[in-house]
Amino acid sequence: MKYIIYILLSFNLTTFIISAEETRQVDKHEHGVGELNIAVEGSTIEFEFMIPGADIVGFEYVAKSDDDIAKINQALKTFDDYTNIFTLPSNSLCELDSQKVALKEEDEHDDHDEHEDHDEHDDQDEHAEENHNEFYAKYSFECGNINAIKEVNFPYFATFTNSGELEVQFISNMGSTSFEVEGDEPSINTDGKI
Ligand SMILES: [Zn+2]
């Protein structure tokens, strides 16, 4: 399975192209469950989100109408300001170093090659209903006082009303921990884990 980048937006920050190593099968995700990897190394902390489109914009079919395209662009723009998604304690003195935000879609070209000779729109519509995509966002920070990150808050749940839970994998030199975060308690306690 291959993937394409549907839209890639970046404001004021470096734009990256998603490399093949970073892709994974987007149809393996579970709707209502966003994944977040947090990795701490030295004074750097990195956040990598992979969230089903259903949780963000409420659909995963290929956006064709102006309304749907606008929803996706608005969502990407929302991800472009990480404070819409999560916040770090100000005394940790973390500065955003780089970020990338993208919508990853299944590349259906391979699947549809067989059908190219036929004009089977009905079949294609069925495929469209099964289509999956996900929002990908990665943020890297340099922190003046990384040990001050005793919790991370997630305005994500308030920002995206379709959001479900976030499954968080947290890794530092102290070891790894996992969290399940939901909107009723939108934070994780990382005290003693960095
Ligand atoms: Zn899906």
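Trainee: Which cysteines form a disulfide, and how far apart are their sulfur atoms?

Mentor: Cys 94 and Cys 143 do, with sulfur atoms 2.1 Å apart. A disulfide here is a pair of cysteine sulfur atoms within 2.5 Å. One disulfide turns up in a search of the whole structure. Two ground rules before we go on. This is a predicted model, where local features need pLDDT of at least 70 and side-chain atom pairs count only at pLDDT 80 or more, while totals for chains, interfaces and linings use all residues. Residues are numbered from 1 along each chain as its sequence is written, and side-chain values use heavy atoms, leaving out hydrogens and water.

Trainee: What handedness does the link of Cys 94 and Cys 143 have?

Mentor: Right-handed, with 105° about the S-S bond. The pair links distant parts of the chain: Cys 94 is in strand E4 (residues 94–106), Cys 143 is in strand E5, and they are 49 residues apart. Helices (H or I, at least four residues) and strands (E, at least two) are DSSP runs, numbered from the N terminus.

Trainee: Are Cys 94 and Cys 143 buried or exposed?

Mentor: Both are buried. Buried means under 20% relative accessible area, exposed means over 50%, and partly exposed is in between, using a 1.4 Å probe and protein chains only.

Trainee: Switching to the metal. Which residues are the protein donors of the zinc ion?

Mentor: His 29 (NE2), His 31 (NE2), Glu 60 (OE) and His 132 (ND1). They lie 1.9 to 2.0 Å from the zinc ion. Donors are N, O and S atoms within 2.8 Å of the metal (3.2 Å for Na, K and Ca); water is not among the atoms, so sites may look incomplete.

Trainee: Why is the arrangement around the zinc ion tetrahedral?

Mentor: Because the four donor atoms subtend angles of 100 to 117°. Four donors count as tetrahedral if all angles lie between 85 and 135 degrees. The ideal angle for four tetrahedral donors is 109.5 degrees.

Trainee: What spacing do the donors follow along the chain?

Mentor: H-x1-H-x28-E-x71-H. His 31 is in the loop between strand E1 (3–8) and strand E2 (33–41), and His 132 is in the loop between helix H4 (121–129) and strand E5 (133–143), so the pair ties together parts that are 101 residues apart in sequence. His 31 counts as partly exposed, at 42% relative accessibility.

Trainee: Now aromatics. How many aromatic pairs does a search of the whole structure find?

Mentor: It finds 15. Rings of Phe, Tyr and Trp (its six-membered ring) pair if their centres lie within 6.5 Å; planes under 30 degrees apart count as stacked, over 60 as edge-to-face and the rest as tilted. Take Phe 47 and Phe 141: the centres are 6.0 Å apart and the planes are at 85°, so the pair is edge-to-face. Phe 47 sits in strand E3 (residues 44–52) and Phe 141 in strand E5, so this pair ties together parts 94 residues apart in sequence.

Trainee: Are Phe 47 and Phe 141 buried or exposed?

Mentor: Phe 47 is buried, at 0% relative accessible area. Phe 141 is buried too, at 0%. Another pair is Phe 170 and Phe 179, with centres 6.4 Å apart and planes at 85°, so it is edge-to-face. Both Phe 170 and Phe 179 are buried.

Trainee: Which residues do ring pairs link into a cluster?

Mentor: Phe 47, Phe 49, Tyr 82, Phe 86, Tyr 139 and Phe 141.

Trainee: And what lies over the face of Tyr 136?

Mentor: Lys 104, at 4.3 Å from the ring centre. A charge sits over a ring if NZ of Lys or CZ of Arg is within 6 Å of the ring centre and within 35 degrees of the ring normal.

Trainee: Which residue has a positive phi although it is not a glycine?

Mentor: Leu 93, with a phi of about 55°. Leu 93 is in the loop between helix H2 (66–80) and E4. It is exposed, at 52% relative accessible area.

Trainee: What does Ile 146 touch?

Mentor: Not counting residues up to four places away in sequence, it touches Val 40, Gly 42, Ser 43, Thr 44, Ile 45, Ser 92 and Ile 194. Contact means heavy atoms within 4.5 Å. Ile 146 is in the loop between E5 and strand E6 (151–153), and counts as buried at 8% relative accessibility.

Trainee: Last one. How many helices and strands are in the protein chain?

Mentor: Five helices and nine strands. Of the 194 residues, 42% count as buried.

Note on methods
Four donors count as tetrahedral if all angles lie between 85 and 135 degrees; four count as square planar and six as octahedral if opposite donors are over 155 degrees apart and all others between 65 and 115; anything else is irregular.
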